[in-house]
Structure formats: C-alpha cells, structure tokens
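Please look through the sequence and the model shown here before reading on.

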Amino acid sequence: MAIPETQVPETPVLTENEELGLINADYTERYGFHDAENYLYKAPKGLSRELVEKISEFKSEPQWMREFRLKALDHFLARPQPTWGSPLLAEVDYDNIHYFVRASERAERSWDDVPDDVKKTFDRLGIPEAERKFLSGVGAQYESEVVYHQVHEDLEKQGVIFMDMDSGLREHEDLVRKYFATVIPPNDNKLAALNSAVWSGGSFVYVPEGVHVEMPLQAYFRINTENMGQFERTLIIAEPGSYVHYVEGCTAPTYSSNSLHSAVVELIAQPGARIRYTTVQNWSTNVYNLVTKRAVAYADATVEWVDCNLGSKLTMKYPSIYLLGERAHGEVLSIAFAGKGQHQDAGAKIIHAAPNTTSNIFAKSISKDGGRGSYRGLLEVAKGAHGAKSKVVCDALLLDERSRSDTYPTIRIGEDDVDVGHEATVSKVGDDQLFYLMSHGIPEEEASKLIVNGFIEPITKELPMEYAVEMNRLIELQMEGSIG
Amino acid sequence: MILRRNPINPLGLRKQLPQVIEICPVEQLKPGEMRLVEWEDLEIGVFNCAGTVYAIEDRCSHDNGTLVEGELDQDSCTIECPRHGSRFDLKTGNPLTLPAYVPVDTFDVIIEDDKIKLEVE
C-alpha cells in the first residue's frame, strides 16, 4: 500500500527557543492540522439501524452486544434532546455526523505497524515519546478505533489488562459482560444511549487484587475527519486493594463545521482500591463534547477525577462518584477554560450512599473573550449515610466584562449527622492585582498569566509533572492576546 | 397491558398488620406478564418471572418512576426502569445497576387456591 501524503510537513527538530515559539502558536498550527483520508471504511453521514448492525458485524460481536446496541438506539431515538445546560446543545445535528470511520485493521502493539500517516500524527503529538519516558501503557485512538495499544510486560505478567474496548470484549467477554453498562446503563440519558448504540474504541482496564500500577496508563484520542463522531467506551475495574492512574488526552483539527465526541466512561473501585482518572480535554472549538463519566467506590475505596477542559465548542460533563461502601472517598478536581465562542458546562456529582464516606469537589473556571464557564454539581447524602463529610468549593475567574460564569449547585441531604460545606466565589483579575505585579517590573500580559496560574495551581499540582507542564503551556496559549 | 385495580381490602379493615390481599387468579398473570396493584398508599408491581411470581414496590428508588412499564427479563429475573435504565432484582429489590442505589421494598407472595395473594404491611 502506498504511503498517503499528509497535508502537513514533518515535525522538524527544534531548538529550545524555537520550541518556546511553537508554544505560543495557535491551536490550528499545533493540534488543528489534519491528514489526508485514506480509510478502510467511512460510514455515510447519519444514524440508522443498518449502521448499528454493521458496526457490530464489523467487530464480529456476540449476539448480546448487538442486541444491546439496537436497544440503546431505540432509547436514543425515543428520548428528546435535553433542553437544559446550554443553548448550543440545540445546534447539534445528529444527521450530519459520520458515526463510524475505520482507519486501520487492528490495534497494533508496535508503532512501526501503525499506518504511516496515522503514526506521523501521533509522532507530532508526542505520544510515542511520552510512552518511552513515563508511561506504563498507551492506547491511541484515531477516529472510531484504536490503532495502537501497548502495556509494559511486567504489568501483563501481574495480570493487568489494558487494551482497547473492542479487544476487551473479544478476549475477556465474561468480565466485560459482568460489568459493562452497570454503572451507566444505555437509558441513563440520551447521549449515553447514543454511545451505547454506536460505541467503538476506548479502553478496557482490569487491575487484579493488590496490584499497584505505579506509572500512568494513557489513552490519546484523535479526530481527523470533518463532521466526525467519536464514541469511545471505557471501563476500568480495580480489584480490592489495587491502584491505577489513567490519563486521557484529546485533540482534533479545526474545521468550520462541527464534530461530536460522546464518550461513556465507567469506573469500578472494589473495596480498598484507588482509581485516579485524569483528563486533559483540548478538542478544537468545533467539537461538541458531551460525555457521561461515572464511578462507583466500595468500602475504603477512593476514586479521583482530575478533569481539565480547555477545548471544544461546548462541553457538558459532570464526572460522578457513587460512594457505595463505608469510608469510601471521592474527589473531583475540575478546571475549565472558556474562551471566545466556548461554553464549558462542567461540574461534578457525588453521592454519599454509605456511612462515614468523604468527598471533596474543587472546581475552577476561567472565562475570557466572551466565553462562558458553568459549574453544575450535585452533592447527595442518602438516608443512613451518617458521618458523611463533604466540601465543595467552586471558584470562577472572569478576565473581562464580556465573559460569563454561572454556578448551579444542588445539595440534597437525607441524614442529620453530616458535615457538608459549600463555598463559591467569582472574581475578576483586578486592576489592583495587576498594578501590584506591574509595579514590580512585570509586564501586563505576564502579570495576567501569573494571576491565572496562581488561580489554577491547586489543581495543576495534582497532575503528573509532564501534564502539569503541558497544562500550563496550554493555559499560556489560551491567554495570548488577552490583554489590550 | 397493565391492569389497574382498585385497592383490595377483603377484610374491610385498615392498618391491621400484616395483611393478605388477593390479586388475581394465577392464570390471569402468565409468565412474562406484570401488573400494578394499588393498596392504600402503596403501589406494588407484581411480576410473573418464568412461572414464579414476585412483588416489589412499584417505584424506582432513583427518581420515583413506575417500574411495571419497564422491561421484564425472565432469565435474570429483573425489571428495568424505563426512565433511566436501573435494573432491579425482583427477588431482593436490590438495584443491580446505577443510577438507583437504594433497594426497593419486596412483598411476600402466596399462591393459594390458584390465586395470587400478597402479604402487605
């Protein structure tokens, strides 16, 4: 097969100064490039029963999964489009989406076997390099399917499973059938139903009892086609006393028309297990990012969502944790950055369903150039969950008069003996703060960046170092030109 | 089809606990069928799951939706809430999938004289 030509030049080797210059380039240059399309299969736009059956057939799925998909499609079609959240949601055109695009035969275990044009994209995004340096395993999804997957041999020997969800279903059907859609059933909401009908790719992670995966597992999701829909499905099961940190990142080319990303992520932390799930969402600003993420934590288990939303046109995402066992702990750290034309409707949900459970939600949003950041959260303490403790803090930073911040907290308490706190602040980068820094010789733009970095620091310090650096670079990139 | 019945209180007494109420002849609830029974302030779903009759509170503990309009799976003996998809075990009332996490009440079923009866409190 001839190697197709990409529309972008190869990544040159850069000096440090040149690299710093690149940081300040715009998104289109850094992430917004796209490759020529050389696909094995690209479904025509639109959703139909035939397409759902075809996806299932392509993947040679068992009958129960095919029936699951078709039932989910019925749920999707029967449910109205939600009217809450954002007015932008009404613009999603489900008929103008490619629901399935296959770029490669299978998920390869060597970068050398990945099709050249796709590999070049991931090289440019720095994924193979990151794998070599600091990861336990990597999955790379291009359009609908995972094109590369690898996990360290020593983890495999300990029984850790980290593979794409399609392979997970093929190779570990019993495990998948036992847990799949138990945390987020297809009829949970319209978008979860859509994902359940057309899901493709995503990660399947299984960590056996007592195994600690010391370095993070990472998945990288890339959309290339215009009007693409990406519907990955991720299921992470951490057996008792185990630990895993899963990190995901995502980017897409900048197009004038819209794409849709609608994932479903289910986490199951068995007694005493700990799962940390970090997202650095940096879709281009033509992507609707409508995602359902939910976790269960049994006795003494901990689940942490670290959720950074920088990109997309509209994000609606509220990672949730059901604390089902005594002394379980849940934590959501969320940063949202809303620039021109963006609405980040992010938040968190924590349900205390057992005694002596604890949780924290720290949410921060930054809005500039007319962007809108919303915090939408739920904190629920069920009857009988005595001794529950929770703290919710949401802070918003407005960088100009045109931007907007909203907070929609819901708190339901069904028990007397609880300790629940909620704090919300909205502030703007004040002239006095800027004046103070500028009086120490710091230029205005630099001063503004410093204030923003200080604002998000409590969350970026929770990221692995490599991601914290990337996060700060991305924020700097977003901040370019915000003064004057 | 869901048959709605008036509250049955054969003894004409209130608040005598527990109490046995008659639902219907066995042949009127075939395998795979279910019906709603209202008694005082209770709404009870009665299900024939592959020949065995079960009764649970007809209220999804997630957002109070009715369960008897959901899908009965006779293999797993579960009912799926039509609103958000939580599946309840008909034998125990336990939710097997989120978003519901609180069990619903179950009721003892008595088959006597070819009639389905429930023990309620």
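## A pair of strands

In which sense do strand β13 and strand β16 of chain A pair, and over how many bridges? In this predicted model, β13 (residues 274-281) and β16 (residues 302-309) of chain A are paired in the parallel sense, over eight bridges. Within this pairing, Arg274(A) stands opposite Thr302(A) of β16(A).

## The sheet and its helices

Both strands belong to an open sheet of ten strands in chain A, with mixed pairing and the order β4-β3-β7-β10-β13-β16-β19-β21-β23-β25. The edges are formed by β4 (145-151) and β25 (419-428) of chain A, and because each has a single partner strand, one side of each is left without a neighbour in the sheet. On average, neighbouring strands of this sheet are turned by 5° against each other, direction ignored.

Helix α5 (residues 116-125) of chain A lies across β3 (137-142), β4, β7 (217-222) and β10 (243-251) of chain A, and runs at about 120° to β7(A). Helix α12 (residues 444-460) of chain A also packs on the sheet, where it touches β19 (329-338), β21 (358-367) and β23 (389-398) of chain A, its direction making about 155° with that of β21(A).

## Chain A as a whole

Chain A has 13 helices and 25 strands, and its C-alpha atoms fill a box of roughly 65 × 60 × 45 Å along the principal axes. Its radius of gyration is 22 Å, which agrees with the value near 23 Å that a compact globule of 484 residues would have. Buried residues make up 52% of the 484 residues in chain A.

## Contact with chain B

Nine residues of chain B are in contact with 13 residues of chain A; on the chain B side, these divide into five nonpolar, four polar and no charged residues.

Notes: Residues numbered from 1 in each chain as written. Chains lettered and ligands numbered in written order. Predicted model: local features only at pLDDT ≥ 70, side-chain atom pairs only at ≥ 80, totals over all residues. Contact = placed C-beta atoms within 7 Å. Nonpolar A, V, L, I, M, F, W, Y, C, P; charged D, E, K, R; others polar. Helix = DSSP H or I, 4+ residues; strand = E, 2+ residues; numbered from the N terminus. Rg over C-alpha atoms; globule rule 2.2 N^0.38 Å. Buried ≥ 20, exposed ≤ 12 C-beta atoms within 10 Å, placed from the backbone. Pairing = 2+ DSSP bridges. Axes fitted to C-alpha atoms, helices over the stretch in contact; angles between N-to-C directions.
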